[in-house]
Amino acid sequence: MEKPPGIPKQTEETTMKPFFTILFHLLASLPALFSAGAENRPNVIFLLTDDQSSYSLGCYGNKDVRTPHIDGLSLSGMTFDHHYDTTAICMASRVNVMTGLYEYRHGCNFDHGPLTEKLWKTSYPIRLRQAGYLTAFAGKFGFEVRKGTQKGRKFLPEEDFDKWGGGPGQTNYATAKNPSMKAYAKKYPHSSRSYGAFGRDFVKESAKTGKPFCLSISFKAPHKPDQPDPLFDKVYAGRKFTKPVNFGREYGKHFSVQSKQGRQYERFISWGYRDKYDEVMAVYHQMVHGVDAAVGMIRAAVEEAGVEKNTVFIFTSDNGFFCGSHGYGSKVLPYEESTNVPMIIYDPRHPSSGKKLRSAALTANIDVAPTILELAGLEIPAQMDGVSLLPLLDNPKGSVRETANLINVWGPKEAHSYGVVTKDYKYLYWPYESGKFEPTEELYHLTEDPHELTNLAPHKGKELLKMRVIYDKAVDHWKREGVNYNGYEPYGDIFDRNTPWRP
């Protein structure tokens with residue numbers, strides 16, 4: 001076809017020159033485009049404490065304590081009032097957080113076994129590093145990973161992080177006794193502040209690279225045996241503390257006999273809550289104050305590095321602590337003080353920041369990994385049990401889940417239990433008998449009875465029937481999806497209300 005007059009005839013050469021020029025410039029700009037994309041991804045700082053109850057913080061209503069830096073995160077971000085650790089003991093809870101899976105889906109806990117390498121490779125630190133994040137971990141890692149088969153060696157995955165300050169087992173409050181943290185021992189002899197220094201240094205180093213980073217710190221504090229930082233000895237010296245309204249044995253008489261078979265019941269006395277409450281709690285709160293100081297160190301480093309507008313903080317605990325409520329000590333059992341823990345998310349990029357918002361939505365520790373993945377712009381795997389909490393930043397009155405499961409298959413079998421919690425109710429099932437008691441149900445209306453003072457199960461009302469249906473579905477999920485190793489196989493039947501109890 002002839003060209004109209006006035007338009008020059010294009011040759012192959014004149015046609016291709018602009019094409020190659022455009023292609024050259026496009027290819028040349030790709031690194032900058034990818035770099036810009038990485039720079040726009042937020043940095044993530046995940047802070048996890050050990051055995052910290054919600055009422056150890058000012059932002060959760062305790063006027064007797066001093067936690068200015070954590071309270072500052074609460075004021076800046078969103079505080080969650082209905083957040084649960086689906087297993088209230090450190091090993092399993094930490095794996096819940098890393099993988100977004102319930103305990104019976106990952107099969108790792110004390111008395112059971114380590115995490116498989118296959119499941120470890122699905123954890124949020126691995127996924128973020130693969131996506132170009134610089135990653136670091138410091139503190140109590142809390143579990144081991146098994147290489148290959150069930151007979152493979154166990155190891156700590158320190159090589160899977162760009163910077164490592166973690167340790168096996170319970171680690172130590174003395175920084176010098178934690179090999180990976182020895183460089184900080186002279187200046188920061190107590191581990192809590194040493195982790196603050198580790199976090200400070202990683203933030204400053206990472207900010208210089210222009211790459212997004214993910215810092216995960218797992219404090220040992222306030223886990224017993226107590227070894228508070230002497231730097232803060234004067235903070236609570238001689239202080240008196242208000243006891244919770246459900247403090248003491250008289251408020252635990254309605255709890256199942258099974259719940260009194262573990263060491264949690266005995267520790268109300270042996271750990272001093274009955275007779276030395278103020279003394280014991282002064283030490284406990286001093287431990288939390290040390291963590292608060294470390295949080296302040298990390299927040300200051302973020303500001304000094306100039307990345308405060310693009311760094312998201314997530315703060316929570318691996319489980320709560322009874323501290324004498326209902327006449328119990330320690331954790332593990334599925335009651336509120338043990339399972340309902342602090343949860344704060346501060347995203348400075350979000351319009352909700354700085355508005356002192358709180359959410360009453362039901363959330364769980366299995367939701368941490370999906371939340372971090374979404375923050376990083378990564379796809380949330382369908383096999384995860386958790387969901388992202390980011391929609392709640394957009395709608396504080398919304399919800400992301402209807403139920404969460406509460407699991408205890410650690411310790412004496414008589415104290416093993418399974419339960420479900422909704423925004424309003426909690427149902428617990430204690431299956432074991434020992435010639436002294438029968439399988440037991442408990443039901444609490446958490447909205448009206450947040451301190452769990454009245455067991456509604458004996459009344460056999462309609463809410464009990466509804467919660468039984470939810471519970472039975474949770475048992476079915478265990479049967480279908482639970483791992484077939486590390487001793488988890490029998491529990492689908494053990495927790496089935498319709499199966500006659502058998503040893």
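## Helix α11

Gly377, with a positive phi near 80°, follows α11. Helices here are DSSP runs (H or I, at least four residues), strands are E runs of at least two, and both are numbered from the N terminus. This is a predicted model: local features need pLDDT of at least 70, side-chain atom pairs count only at pLDDT 80 or more, and totals for chains, interfaces and linings use all residues. Residues are numbered from 1 along each chain as its sequence is written, and side-chain values use heavy atoms, with hydrogens and water left out.

Why is α11 largely enclosed by the rest of the structure? Seven of its eight residues (368-375) are buried. Buried means under 20% relative accessible area, against over 50% for exposed and in between for partly exposed (1.4 Å probe, protein chains only). The buried set is Val368, Ala369, Pro370, Thr371, Ile372, Leu373 and Leu375.

## Packing of α2 on α9

Two packed helices are described by the angle between their axes and the distance between the axes. Helix α2 (residues 68-76) packs with α9 at about 60°, and the axes are 7 Å apart. Axes are lines fitted to C-alpha atoms, for helices over the stretch in contact; angles run from 0 to 180 degrees between N-to-C directions. The two helices are therefore oblique to each other. Under 35 degrees would count as roughly parallel, over 145 as roughly antiparallel and 65 to 115 as roughly perpendicular; the rest is oblique.

From α2, the contact (heavy atoms within 4.5 Å) uses Pro68, His69, Ile70, Gly72, Leu73 and Ser76. From α9 come Asp292, Ala293, Val295, Gly296 and Arg299. By class, that is five nonpolar, four polar and two charged residues. Nonpolar covers Ala, Val, Leu, Ile, Met, Phe, Trp, Tyr, Cys and Pro; charged covers Asp, Glu, Lys and Arg; the others, Gly among them, are polar.

## Pockets

A pocket is an open set of points with protein on both sides within 12 Å along at least five of seven lines. In a cavity, a 1.4 Å probe fits but cannot get out. Lining residues have an atom within 4 Å of a point. Points are joined across faces, edges and corners, and a volume is the space filled by probe spheres set on them.

The largest pocket has a volume of about 760 Å³. It has 30 lining residues, and Ser54, Tyr55, Tyr60, Glu337 and His451 lie nearest its centre. Helices α9 (277-304) and α10 (336-339) each give at least two lining residues. The largest share, three residues, is from α9. The lining holds ten nonpolar, twelve polar and eight charged residues.

The second largest pocket has a volume of about 230 Å³. Leu101, Arg105, Lys118, Leu119 and Gln383 are the closest to its centre, out of 14 lining residues. Its lining divides into six nonpolar, four polar and four charged residues.

## Cavities

How many cavities of 30 Å³ or more does a search of the whole structure find? It finds two. Strands β1 (43-49) and β9 (213-218) and helix α3 (90-99) each give two or more residues. The largest share, three residues, comes from α3. Eight lining residues are nonpolar, two polar and one charged.

The second largest cavity holds about 40 Å³ of space. Its lining includes Gly262, Arg263, Trp410 and Pro412. By class, it has five nonpolar, four polar and one charged residues.

Key:
1 Å grid on protein atoms, 1.4 Å probe; cavity = no way out; pocket = protein on both sides within 12 Å on 5 of 7 lines; lining within 4 Å.
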